[in-house]
Amino acid sequence: MSLVVMKFGGTSVEDPAAINRTASIVAGRVAAGKKPVVVVSAMARVTDQLLRCAGAASQGDRTGALAISSRLRSRHRDTAAALVKDHKQAAELVNWIDQKFDQLDEVLRGLAAILELTPRISDLIVSYGERISSRMIASAFCERGVIAAHVDSREVVVTDSQYQKAIPIDSIIEKRAAEKVRPLVDEGKVPVLGGFIGSNEAGITTTLGRGGSDFTGALIGGAMQAEAIEIWTDVDGIMTSDPRVCPDALRVKVISFEEAAELAYFGAKVLHPATILPAVKRNIPVLVLNSKNPTNEGTRIISLAPHCKSPFKSIAVKKKLSIIDVVASRMLMTHGYLKEIFTIFDKHQTPVDMVSTSEVSVSLTVDSNDKLPLIAADLSKLADVKYEGKKALICMVGEDIRGQNGMAAQVFAAVRHINVRMISQGASEINMSFMIDEEDADEAVRSLHGVFFQDPDPAIFDVEARKQVAQAVSSGSPRE
Ligand code: ADP
Ligand code: ASP
Ligand code: MG
């Protein structure tokens, strides 16, 4: 069958050079006898800029919104012109891009008049990023000998109507993929779809949440029973921590679905948290690979990871959290009390990350959001409530912490200089998490990394890369 889904993130399609690299990676897979289905993000930073446009317009700043849109138009036009050499085809593509930006500007003008940004309009506005990138990249592939066919993913990824975080409907996606994507593969073409976007059953544009292109890749891979799902990004794979925070982070060669899901949920941006599920359901391996270093073998996510000598595989950090303390000395042990607390979070559709209870209090952590005052007001009908923002959750993940004694002592010794607010070891027993002030988070990760990845297991971690850097430093040769 040899069908592989290849998802390329924003940095892998950020400019003509990156798109050319992406085209050669796909061409390489075709030459190796694979049948790729490609999912692409918007060009790097475009989604943020479209959201800024929407924000400006809804505040009545029509000129500001149109100015951002105009810069985005130029960036896409220039990229298209650089990628497509045939004059007629380039003109057609640029013309099409202009039409899309004309439509977007129309929406922005409307928004600047009505001054109300609904989640539905926000999804419509951000969808232009992936709609335009996918069409442009399909044309660029054709120029480079990859016979590509653009597919509007809104016709395939059908979701419910929860704008900005829509839930996909698997059965319809499977049917649509069979109707609209499979025949192209059978004809020997490479379908190119935009990630992140979908539509509800009425055909109105929705999105899967920030970072959602990974999720699209996994959904298409699951629906088409791909032999592998490849997530191409700008780092060598899943690393022992975010390399931006910890420059000596190591690549994890192999990791289990469960560990990867935990990491993603607790803030490792390298994968969207929902990505793993469609792959787990069908036992499809997921690979995380670097489009700037395509020969590197990346990280393989599989159902059962081999035993690892080190207790942890990686450290994730989730920032922008708030902690809510609910204190009620008399009521805590009474029947149904916790249920009442959770009913309030449910009412406000706010998921809770971590919970800890004592004799008299319950502490909960949630993503900081503007519903917090309302949640606190409801909770205060039950008990005394305090909440505080600017918190971060550090989450250490690894299958091999199961049943290890003394692990907590080692973890907290490594961060003894930092004030820890809340601690939890999940029932899954593969993560240990604790909450600290956001300003201490990076320092805590570096300290923990220094302790737990000093002598890493070479079967699981890429220690060669670290050795090469150490050799280069000691021989005085410049680092590449
Ligand atoms: P893309 O645009 O390809 O989807 P993202 O920016 O969403 O890329 O994700 C890749 C980034 O995730 C990396 O540049 C890195 O800074 C960050 N990251 C956070 N945690 C990790 C981790 N444990 N391993 C690798 N990358 C991580
Ligand atoms: N472009 C979207 C975002 O920036 C989706 C993605 O790239 O995964 O959130
Ligand atoms: Mg991403």
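The buried residues of helix α3 are covered by elements that include α1 (16–31), α2 (46–58), α4 (87–114) and α5. This picture comes from a predicted model.

**Helix α3**
- Helix α3 takes in residues 62–83, and its 22 residues should span 32 Å at 1.5 Å a residue; the end C-alpha atoms are 32 Å apart, which agrees.
- Its buried residues include Ala 65, Leu 66, Ile 68, Ser 69 and Leu 72.
- Arg 73, Arg 75 and His 76 are also among the buried residues of α3.
- In general, an α-helix has 3.6 residues a turn, so residues three or four places apart point the same way.

**Ser 133 in helix α5**
- Helix α5 covers residues 119–143 and contains Ser 133.
- Ser 133 has 0% relative accessibility, so this residue counts as buried, the cut-off being under 20%.
- Leaving aside residues up to four places away in sequence, Ser 133 touches Val 40, Ser 41, Ala 42 and Met 43.

**The open sheet**
- An open sheet is built from 6 strands with antiparallel pairing, ordered β13-β14-β12-β15-β17-β16.
- β13 (354–357) and β16 (422–425) are the edge strands; each has a single partner strand, so one side of each has no neighbour in the sheet.
- From one strand to the next, the twist averages 25°.
- Strands β12 (residues 314–327) and β15 (residues 384–397) run antiparallel and are joined by 11 bridges.
- Ala 316 has Cys 395 in β15 as its bridge partner.

**A helix across the sheet**
- Helix α11 (residues 372–379) lies across β12, β14 (361–367) and β15, and runs at about 120° to β15.

Note on methods. Residues numbered from 1 in each chain as written. Chains lettered and ligands numbered in written order. Predicted model: local features only at pLDDT ≥ 70, side-chain atom pairs only at ≥ 80, totals over all residues. Heavy atoms only, no water. Pairing = 2+ DSSP bridges. Helix = DSSP H or I, 4+ residues; strand = E, 2+ residues; numbered from the N terminus. Axes fitted to C-alpha atoms, helices over the stretch in contact; angles between N-to-C directions. Contact = heavy atoms within 4.5 Å. Buried < 20%, exposed > 50% of the residue type's maximum accessible area, 1.4 Å probe, protein only. Expected span 1.5 Å × (residues − 1).
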